[in-house]
Each structure stands twice: as structure tokens, then as C-alpha cells.
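Here are my notes on the complex you sent over.

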Amino acid sequence: MVFIRTVPPEEAEGLLKEIYDGELKAQGYVASGTRTLSLRPEAFAAWENLIKTIRSKMRLRRYELVTLAAASALHCTY
Amino acid sequence: MLRKQIFDADQLAAVASDYHNAGLSEQEVAVMEFAEKLTLHAHAIQKDDVQKLREHGLTDEEILDVALAAAVRNFWSKVQDAMGTETDMKYLDLEPQVRKALQKGRPFAQEEICPFCFGTHIIKKIRTEDGREEYYCPACHKGGVLKPKNRYSESQKSQILEHYDRYKPEKIKETFGVSPATLARWEKAKGKKNKRKMK
């Protein structure tokens, strides 16, 4: 489990509730990574905004390949 | 995350386990190499690396996009790993070949990485007489034994090094089985350490 406290969906309020609800609606569940950031929903929202901005300028295929390359490289060093 | 609309399961598994041989275009491979280098060793990126992307037809804006996308993924992964986030159950729904490629068949298994520049294009060269593989890294031009048979502890090293000034390296090799090159490396490392202490 996550090393820090997180907010369960039923206790979410305000911005966090919006984030949780958005994910439930879009994918049917709250991603574990989203929940990890639940104590700082503002940071999550800012990050999501950043990602959207970056992605909007790229072809999705390239964006996904870059993400995969970075993620794979990260795994190998741990 | 993974986009099924872009890759089917087999393609995704191929890209995740070895993107150099996954039927991607040369440009796409170059982009992934760049993202990988940024992740592993950003400070080693040189003008040439960026130039290579230009030669593959990327504009400067697109190069920056690649850097931003790779770095933002780094940001996310670092936070999640450090906070102990577990993989979503959704991950278990993926096709087994994809899961395997993402999980175990990581493109860069530890022994495939150059220990100096962390490049992933090392070439396995020779087998030494005792069966160890030597490698050569075309990126940083370094090479050596990949999996040393013996790992010497620091105290063993310093014990053997005591003989360094007094005996010829050949003699030391005969006695301790440590090659002259290894010995020279230890001595150099020791020199560096001492310098640091003096500061």
C-alpha cells in the first residue's frame, strides 16, 4: 500500500472530489496514482494541466512512445 | 498509460521489450533513444544528440516537446515510486504478452546497460577464458567484463593494493589473480578518494 495517508473517494471534497468523480466517469475507477496525490489535489490538477498542455502539441503516437521509453528506463534503474 | 487505439497487444509488447526491433520508424527509435537518455543520464546529452533528432526531421519545437513529455513522465514516476503506489488492478487486465514485456522483459535488463554512460547499446564482445562476457559500448567507447566473477570487498582491495608499489602488476596477478587493469583502476579510485579527504 501507499506509504502516506490518502483520502478515500467517499471522504473527498471540493477539488479532490471533482478529480475523483472525473476519473470514475472517464474510466470507472480512481487510479491508484491519483489517490496517492490526494492530499494535494491542487498539485495533481496542475500536473494534469501541464500534461494536457504538452500532449496537445504532440501526435499521440509520439507522446506514448516517449512516455514508454521514459517509463521503461526508469524501471530498470530501480 | 497504454493506448490500445495506437498499438495492438503484440506491437505494444514488442515496443516495450525491445523498441529497436519493433518495426518502428527510424525517427521513432531516435525519439525513444533520446527520451531514454534524458531519463537515465540527462547531463550526458550533447549537442549531437539534439542534432540527430533534427536530422530525423524534428523541428526544435518538436524536440522540446519530446523533452517535456519525457521529463513529465519522470516527474510522475518518481513521485509514485517514492510514495509506494501500487500498480492499478487495470494493469492485470492487459494481455499477458504485454504484461510480461512491461514487467520482466524490460528492454534494459541490468546487464545490458553500460556501467559508465548507462547507454543501452552495448555490444557483447568476447568471452574471456573463464566464461565471462566482455562488452564494448559504442556510445562512450568503454568496455570491460560485464559480470565480474569476483567482487572484492574494500578491505580486500586495500590489502592487495598495499603491494602495488612494491611488486610488478604481473607478480600481483600471479599471487592474487587480480589483473593489472583492475589493479590500476583501484589505485586510481583510491587516489580520488584520498584527494577528496584532503579537501
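1. Starting with the fold of chain A: this chain has four helices and zero strands. Reading from the N terminus, the order is simply α-α-α-α. Keep in mind throughout that we're looking at a predicted model.

2. If you take the contacts in chain A with a separation of 6 or more, 47% come from residues 24 or more positions apart.

3. Now a helix pair in chain A. Two packed helices are described by the angle between their axes and the distance between the axes. For helix H1 (residues 14-27) of chain A against helix H3 (residues 41-56) of chain A, the angle is about 50° and the axes are 9 Å apart. The crossing of H1(A) past H3(A) is left-handed.

4. Who touches whom in that pair? From H1(A) come A:Leu15, A:Leu16 and A:Ile19, and they meet A:Pro41, A:Glu42, A:Phe44 and A:Ala45 in H3(A). Sorted by class, this contact between H1(A) and H3(A) has six nonpolar residues, no polar ones and one charged one.

5. On to the interface between the chains. Chain B puts 33 residues in contact with 32 residues of chain A. On the chain B side, the elements giving two or more residues are helix H1 (9-17), helix H2 (26-41) and helix H4 (60-83) of chain B. Which of them has the largest share of that side? H4(B) does, with 12 residues. By class, the side of chain B that touches chain A splits into 17 nonpolar, seven polar and nine charged residues.

6. Then the confidence figures. For the complex, the predictor reports an ipTM of 0.91 and a pTM of 0.60. Chain B has a mean pLDDT of 76, with 61% of its residues at 70 or more. Within chain B, residues 104-111 have a pLDDT below 50, yet that stretch still has 18 contacts in the model beyond near neighbours in sequence. Where pLDDT is low, the predicted coordinates should not be read in detail.

Methods. Residues numbered from 1 in each chain as written. Chains lettered and ligands numbered in written order. Predicted model: local features only at pLDDT ≥ 70, side-chain atom pairs only at ≥ 80, totals over all residues. Axes fitted to C-alpha atoms, helices over the stretch in contact; angles between N-to-C directions. Left-handed = near helix turned anticlockwise from the far one by under 90°. Contact = placed C-beta atoms within 7 Å. Nonpolar A, V, L, I, M, F, W, Y, C, P; charged D, E, K, R; others polar. pLDDT = per-residue confidence, 0-100.
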